[in-house]
Amino acid sequence: MTAETVPRVSWLTGVAAEPGAGKPDPILVADNVTKTFGGLRAVQVSRLEVQRGAITALIGPNGAGKTTLFNLLTGFDRADAGSWLFEGRSVTGLPAYRIARAGLVRTFQLTKSLTLLTVLENLKLASRQQTGERFFTALVHPLWRAREESIERLADEMLARFRLDRMRGEFAGTLSGGQRKLLELARALMVQPTMIMLDEPTAGVNPALTQSLLRHIQQLRDEGMTILFVEHDMDVVMGISDWVVCMAEGRVIAEGPPASIGSNQAVIDAYLGAHHGRRAGDEG
Amino acid sequence: MDVLTILGDASRAAIAPEAAIYALAAIGLNMHFGYTGLLNFGQVGFMLVGAYGVAVAVSTFSAPLWAGVLIGMALAIALALLLGIPTLRLRADYLAITTIAAGEILRYVYRSNFASPVTGGVYGLTRFADPLYAINPIPVGQYGFGQLSFSDRSLWIMVISWSLVALACGLMFLLIKSPWGRVIRSVRENEDAARSLGKNVFGYRLQSLVLGGVLGATGGMLLAVYTQAVQPDAYNPVVTFYLYTLLILGGAGRILGPVVGSVIFWFVLVFTDSFLRQAIGTGLIPASLISPTEVGAVRFALVGAGLMLLMIYRPQGILGDRREMLLGDR
């Protein structure tokens, strides 16, 4: 992570505000990704590029296929067709754990905390290059002790950063909903990803904690992290995102900077229905 | 009514080789169920391949005993891979169905006519462990006092089996406290979370299944050499449920849970049995109510009732942590 702070808009100036728009430095590129559940076409994204080092918001009405797209891209669900590149390498169809190891880590809409692991263990679990996670190495404590100590230091820094240090030794199951969201974000960062995908990071979080969570997300972007997040709260989307992608009925229907997306006709149609604005008697 | 006799009988059972053997198999089950969250309902199948691995190698193929032990281990690993590779990617319930079926399939195959030239069919095989007793360093005789007296042969098996239990507990301690154990527990808590953090959930489940299976097979081998006999119907599904009973009794997901559970299980089982027999013998319970031949069944009913009370008032088991039980979603 670099500490260099780059002006928010500069990367994305001049990018066309249209679905599938090409970005100057895309970290994730998806092509023709489709997924059907029975007869329902849940996802049909012909092209999506995600700019490196930016916060991209993924919006859309319920059932638009946002979470399904997340699941496909991160290997939690199998796509029917399509391909996607992460950092220039194809990660199409790789199992979830290998996509995570490649540096693309996700969180979940409903937090998946490891209830009976302590908060500290949750973070330590997420770190990489711990040879003690191999069966035979695990039996010989000196082989992994040094790495474990450095992981613990890293975890403690992360706990302090997210103000979870007081909960260090508690079971993760004792945390509140908002704290679990923080823990999940902190845990994802312990994997040392280059891109994180957050599925509704502020859902069920109280307003004060939401603000702190959003500051963390912006700070991560300023440190060079790429963030793609699903969000329903338009204030949050407008407040922190650099770019907005709108999905409806499985397709990307609009893209653009946050200021322009609210006035985009396709977005308004998707949220309110194509017939809004007409009076009831106008039909036919 | 002789309370001392009852207590003596029960204590004897609590430290007898059977208690150690059940503890060992339950340690394997604890690896599966307690730590990894794998619903293995066919632990008896692993015991069977271990027991028959030794018996068949020695009796049918005249291999040395140590080779039989290695073959038993290898068969347990093979069984774990055979069961695990197709099912561990699926939801937990599929493993439960597959393992209980596999245990029964194994029992039927080993007792079948076509297999009897190798396995001895329904009669099984006997007297294959002589080399183990030949190296027994304990001089011939009876040791102990009263009901707590054991022959040199029993004592020899007790030394071996309780040592193995201690060794297995040590192994589990090292593993569970290591980063490997941390990953295993995370798989139990939430496999998607583990996956999202770059952990190969399938690989860890398979390792767990193999390790627990080998421990189960070791229990089976000990049972075979202790009784000097293998007989297919001794390896019926009920054994697996005894193992679950004592594991939950002692506390699943605790290193010593299966050991404490096994000791208490055998103590209570034999205590009830001895008590009922004495009570009937002395007329405390009228013979018209329970005949001595029914004692075997009644004691299990009583143990079951006791277990139900335990589940209501102490669902975490004897060594478990109530708080974990309340937080966990299992």
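Me: Is Gln129(A) buried or exposed in this predicted model?
Reply: In this predicted model, Gln129(A) lies in the loop between helix H3 (119-126) and helix H4 (135-138) of chain A. Its phi is positive, about 55 degrees, although Gln129(A) is not a glycine. A residue counts as exposed if 12 or fewer other C-beta atoms lie within 10 Å of its own, and because Gln129(A) has 9 other C-beta atoms within 10 Å, Gln129(A) is exposed.

Me: How many other C-beta atoms lie within 10 Å of Arg163(A)?
Reply: Arg163(A) is found in the loop between helix H5 (141-161) and helix H6 (177-190) of chain A, and Arg163(A) too has a positive phi of about 55 degrees without being a glycine. Arg163(A) is classed as partly exposed, because the number of other C-beta atoms within 10 Å is 13.

Me: Among contacts in chain A between residues at least 6 apart in sequence, what percentage join residues at least 24 apart?
Reply: Of the 284 residues in chain A, 44% are buried. When the contacts between residues at least 6 apart in sequence are taken, those that join residues at least 24 apart make up 69%.

Me: Which residues of S7(A) are buried on each of its faces?
Reply: Strand S7 (residues 195-199) of chain A is mostly covered, with five of its five residues buried. In a regular strand the side chains alternate between the two faces of the sheet. In S7(A) both faces are covered, with Ile196(A) and Leu198(A) buried on one side and, on the other, Met195(A), Met197(A) and Asp199(A).

Me: Through which helix does the chain cross from S7(A) to S8(A)?
Reply: S7(A) runs parallel to strand S6 (residues 104-106) of chain A, to which three bridges join it, and here Val105(A) stands opposite Ile196(A). S7(A) also runs parallel to strand S8 (residues 226-230) of chain A, with five bridges between them, and Leu198(A) stands opposite Phe229(A) in S8(A). The β-α-β crossover from S7(A) to S8(A) is right-handed, and the helix on its path is H7 (residues 207-222) of chain A.

Me: Which helix gives the most to the side of chain B that touches chain A?
Reply: Between the two chains, 25 residues of chain B are in contact with 32 residues of chain A. Several helices of chain B each supply at least two residues of the side that touches chain A, among them helix H8 (152-176), helix H9 (179-189) and helix H11 (201-227). The residues on this side of chain B divide into nine nonpolar, eight polar and eight charged. With seven residues, the helix that gives the most is H9(B).

Me: Why does Thr98(B) count as buried?
Reply: Thr98(B) is found in helix H5 (residues 92-111) of chain B, and, leaving aside its neighbours within four places in sequence, Thr98(B) is in contact with Leu83(B) and Thr87(B). The C-alpha atoms of Thr98(B) and Gly84(B), which are 14 residues apart along the chain, are separated by 9.2 Å. A residue is buried if 20 or more other C-beta atoms lie within 10 Å of its own, and Thr98(B) is therefore buried, because the number of other C-beta atoms within 10 Å is 20.

Definitions and conventions: Residues are numbered from 1 along each chain as its sequence is written. Chains are lettered from A and ligands numbered from 1 in the order in which they are written. This is a predicted model: local features need pLDDT of at least 70, side-chain atom pairs count only at pLDDT 80 or more; totals for chains, interfaces and linings use all residues. Helices (H or I, at least four residues) and strands (E, at least two) are DSSP runs, numbered from the N terminus. Two residues are in contact if their C-beta atoms, placed from the backbone, lie within 7 Å. Ala, Val, Leu, Ile, Met, Phe, Trp, Tyr, Cys and Pro count as nonpolar, Asp, Glu, Lys and Arg as charged, and the others, Gly among them, as polar. Two strands pair if DSSP finds at least two bridges between them. A crossover is right-handed if, with the strands pointing away from the viewer, the path from the first strand over the helix to the second runs clockwise.
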